[in-house]
Every structure is written in structure tokens, then in C-alpha cells.
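Here are my notes on this model. Please read them with the structure open.

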Amino acid sequence: MRLSRLALAVVPPSARPGIGPGELRTGIVHLGLGAFHRAHQALYTEDAGDPAYGVCGVTMRSMAAAELLRAQDLLYSVLELDGQDASIRVCGMLTEAVGPQEGIARIADPAVRVVTTTVTEPGYRHDPATGRLRAGDPDVAADLAGGPPRTPVGRLVAGLRARRAAGAGPVTVICCDNLVGGGRLLGGLVTEFCELAREEGLLSWIGDGNVAFPSSMVDRIVPAPTGADRAAAARLLGVEDRAALATEPFRQWVIEDRFAGGRPPWERAGAVITPDVEPYETMKLRLLNGVHSVLAYLGALAGLGTVAEAMARPELAEAGRRYLELDAAPTLVPPPGTDLDAYREQLLARLSNPALRHPIAQVAADGTHKLPQRLLPVIRDRLARGAEPRWAALGVAAWMRYVSAGRADDGTPLTVADAMAARLAMPGAGPREVVDRLLGLTEVFGEDLRQDGTLRTLLSDWLTRLTADGALATARTG
Ligand code: CS2
């Protein structure tokens with residue numbers, strides 16, 4: 001039997017949805033119906049317990065996720081894996097799963113008060129060094145020319161345009177991707193889009209307080225789901241769930257208190273609503289995401305498959321710890337009530353969770369967009385204080401080796417998933433040339449880092465050693 005409303009009768013009562021699916025009305029439109037949203041914001045919203053905030057999930061790329069969910073009455077389960085322990089719950093918060101055109105129309109519904117987004121870092125089509133819209137991107141250009149919108153920002157603007165035309169009232173748009181100042185960034189991209197499209201009316205409607213763009217810090221490790229996760233879910237549920245997801249027990253959500261209208265009482269589910277989200281965001285991006293990237297590039301070169309496998313190699317775990325302690329932590333102001341040492345130890349334990357098979361390739365993808373949010377701000381801060389960010393530079397050098405050689409240390413080919421992959425590949429080039437050409441990508445490194453002699457020397461030294469000795473030996477000798 002497959003998971004459905006009817007099949008809930010055989011699901012253990014403790015795993016059934018918190019709100020009966022029949023009681024929900026749509027109050028949120030979510031753009032990007034991926035695993036992360038379903039294991040994070042959807043559960044917070046369910047735990048907040050207000051039936052006025054069911055979620056219309058909008059697919060951004062293929063309809064596959066929507067079809068999978070529709071075939072089981074929009075129900076899916078979330079496994080929480082912690083070493084030997086596993087628990088499960090079925091989430092029933094989705095009220096609809098639709099494609100982009102229908103999603104745009106739903107943004108115009110007056111009952112919808114919130115739009116959330118998880119469209120990945122490159123999905124916003126911005127230049128990561130400046131945060132400006134890439135107006136020359138062919139999809140952005142097509143959206144600006146007025147075709148059916150293809151990009152998330154184009155679709156969001158179309159939804160806001162429809163909302164204004166319908167007189168549907170104010171709405172809050174929450175960016176839930178791993179971006180520095182995501183609210184400011186997305187608000188800026190929407191404004192730039194409207195300016196380029198000469199939509200003065202929409203711009204002033206947005207400027208009049210009808211749309212708020214709070215920033216938020218989201219945290220939960222959600223690996224791409226596997227067959228083993230689906231099998232474990234079936235064992236615990238007693239029915240088959242082809243949309244099952246696995247995640248860790250930990251979750252955190254901090255949202256800037258800047259709403260245009262109504263919102264779910266997310267604080268009831270443990271979310272923090274605060275006037276200043278920046279310290280949380282900086283801590284999470286530089287510590288968790290930063291060390292993730294360091295481990296992913298070194299681990300990929302060492303031929304490892306998952307983050308937990310990388311953490312099980314003492315030399316890589318030590319390189320990660322040094323990045324956290326020596327480079328990232330000194331750049332942070334701890335958020336209220338947060339002990340950075342305890343946060344770091346909990347983080348290292350989360351990354352070592354052997355039950356979570358988090359593919360290194362997933363973390364290593366899209367480095368040209370991720371490094372500027374994670375490692376480069378740490379490097380800038382340390383250089384500005386006259387310090388040498390050695391371990392952050394090791395992470396960047398490992399990325400350089402990964403994207404330029406396209407091979408692990410044992411020669412196994414690696415697939416580099418990055419929109420700029422073709423420009424990053426330079427098989428056979430020597431360390432100096434690789435550093436020179438990659439640092440020259442000012443849309444990633446900015447003018448400042450390109451010209452920094454200390455960073456250039458650190459990168460050349462690390463890259464020379466990574467090339468000659470491999471990732472494990474380089475991390476070991478430090
Ligand atoms: C990861 C994140 O894939 C990645 O790049 O660093 O998705 C990470 O797992 C989440 O941000 C955890 O909150």
C-alpha cells in the first residue's frame with residue numbers, strides 16, 4: 001500500500017500529520033519544492049499549528065516532485081536519523097503542488113500572506129561578488145522581454161504584479177537559501193528587475209510597504225533522498241512512501257522580524273523571530289556551510305563519498321576544526337545566548353552523524369556561488385586584521401584543484417556541477433596558472449581578493465602541495 005490520506009489509518013498514530021490535511025487552507029506559496037523545504041519550513045509551519053497556513057508548493061524546474069506528491073495526496077514522510085536512532089513523521093502541510101504558471105497565480109490570492117523561496121544560490125541569477133542581477137543571463141533577458149517567466153525572480157515579480165492587480169494586499173517574501181543578507185539581496189533583485197522592465201507602478205507598490213523581504217537563517221542537513229531512506233521509511237510507516245526524505249534531528253530557523261502582513265506563529269515551533277538576523281546568518285554560513293565546503297573539496301579529492309566519511313578521516317576532521325577555530329570563529333560576534341564553542345562542537349558531531357549519507361558532490365556543487373557566501377568573507381575579515389586565513393585558503397585551494405583538474409587524487413574523474421564549469425576546467429595547468437586564472441574571476445573573488453598578495457601566496461602554496469601530495473597528506477602535514 002502507498003502513502004495516501006486513506007493509508008494514514010495504518011500509519012502509527014505518533015507519525016500522523018499534526019494538522020488534519022482536510023482542515024488546511026493555503027496561506028503560503030513556496031517556490032522550489034525540493035527536499036530542503038519539505039524537511040524544514042514545511043515542518044516548522046506544521047508545528048506552528050495554524051490551519052490558515054497550508055503550503056502551495058511550486059516546482060521550479062521539473063514537475064517530477066509535484067507528480068510524485070500528488071500521487072500520494074501530497075503527503076510525505078520525514079525520517080530523523082541520529083546514529084542508531086530513527087524516528088519518522090508524515091507531513092501534511094502541502095495543500096497543492098503546482099508548476100510555475102499556477103504558482104504565479106496563487107501569489108495573487110488574498111489568503112496567501114507569505115511567499116518563501118528555496119531555489120538554490122545560483123537560482124537567483126545574481127553576480128555573487130556584487131549581488132546585482134545578471135541582466136545579460138539569457139533567461140533573465142527573456143524574462144525582462146516579457147515572455148513566460150523562466151527564472152525564480154521573474155516568476156516572483158509576475159506573482160507580485162498579479163497580486164497588485166488583484167488588490168490582494170501585502171505579502172512577505174522570505175528567502176530561505178544560504179545567502180548573506182538574503183532578504184536584502186532578493187528585495188534588491190526584484191527592484192532591479194522592475195527597474196529594467198520599467199514597471200514603475202509595481203515598484204512604488206512594493207516601496208509603499210506592500211512587500212517585505214526579511215532575511216532568514218535556515219539550518220538543517222537534508223541529503224538528497226536515497227532508496228535506503230525510502231526502505232527505512234516503509235519499515236517505520238507500514239506503507240510505501242516514494243517521496244520520503246531523511247534528515248538530522250537538529251533544525252534551526254531565525255527570521256528577521258519584518259513582515260508586511262500576517263504570518264504563521266512560527267515561534268510556537270521553536271523559530272526565533274528577531275530584529276537582527278545578521279549574527280545568526282553569519283555564524284551559520286561561515287561555520288556550518290564554510291566547514292562543509294572545506295570538507296567537501298578535500299574529501300572529493302581524497303575520493304570520499306559522504307561528509308561523514310570525510311569527518312571519519314582524522315586529518316580532514318582536524319583541517320575542518322582548524323578552519324572553524326582559527327579562521328572562522330575569530331570573525332564572528334556570537335548571536336544572543338549562543339556559546340560559539342558549544343555550537344562548534346555540536347556542529348562537528350552533526351557532520352559526523354554516520355546515519356546521514358550526505359553526498360560530498362551535493363555540497364561541492366555550485367562553488368562559484370557558495371564560496372562568496374562562506375569562505376571568502378572569512379578570508380576578507382582575517383586579511384583585514386592582518387591575519388593569515390590558512391585553513392579557509394586551504395578550502396579555496398582544494399576547490400581550485402577540484403574544478404581545474406576535474407579528477408580526484410587517484411585520477412578518478414569528478415563531475416563538476418557549476419554553471420561556470422567550462423571556464424573552470426584547466427586540466428594539466430600548473431598551480432600558479434590555476435591560481436592566476438581562477439582568482440581573476442572577479443565575479444567570484446572581487447577585485448580586492450584578486451589583488452591580495454597574501455592570499456595569492458597562500459593559495460599557490462596549498463595548491464602546489466595538493467597537486468604533489470594529494471588532499472590527505474596535505475591536510476595531515478598542515
Ligand atoms: C550544504 C548545505 O549543500 C550545501 O552546500 O552546505 O545545504 C547545508 O547542508 C545546509 O545549509 C544545512 O543547513
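1. Start with helix α18, residues 431-439. Its buried residues are V434, V435, L438 and L439. They span an arc of only 110 degrees around the axis, so they lie on the same side of α18. The general rule for an α-helix is 3.6 residues a turn, so residues three or four places apart point the same way. Bear in mind that this is a predicted model.

2. What do the buried residues of α18 pack against? Their partners are four helices: α16 (390-405), α17 (421-424), α19 (442-450) and α20 (453-469).

3. Next, look at helix α12 (residues 314-328) and helix α15 (residues 367-384). The two pack at an angle of about 40 degrees, and their axes are 10 Å apart. Roughly parallel would require an angle under 35 degrees. The angle here therefore makes α12 oblique to α15.

4. Which residues form that contact? From α12 come Y323, L326, D327 and A328. From α15 come R374, L375, V378 and R382. By type, the contact of α12 with α15 has five nonpolar residues, three charged and no polar.

5. Now R322, which also sits in helix α12. Is R322 buried, exposed or partly exposed? Its relative accessible area is 33%, so R322 is partly exposed. Buried would need under 20%, and exposed over 50%.

6. Leaving aside residues up to four places away in sequence, R322 touches D327 and W391. D327 also belongs to the α12 side of the contact with α15. For a distance check, take N178: N178 and R322 are 144 residues apart along the chain, and their C-alpha atoms are separated by 22 Å.

Notes
Residues are numbered from 1 along each chain as its sequence is written. This is a predicted model: local features need pLDDT of at least 70, side-chain atom pairs count only at pLDDT 80 or more; totals for chains, interfaces and linings use all residues. Side-chain values use heavy atoms; hydrogens and water are left out. Buried means under 20% relative accessible area, exposed over 50%, partly exposed in between (1.4 Å probe, protein chains only). The arc is that of the directions from the helix axis to the C-beta atoms. Contact means heavy atoms within 4.5 Å. Axes are lines fitted to C-alpha atoms, for helices over the stretch in contact, and angles run from 0 to 180 degrees between N-to-C directions. Angles under 35 degrees count as roughly parallel, over 145 as roughly antiparallel, 65 to 115 as roughly perpendicular and the rest as oblique. Ala, Val, Leu, Ile, Met, Phe, Trp, Tyr, Cys and Pro count as nonpolar, Asp, Glu, Lys and Arg as charged, and the others, Gly among them, as polar.
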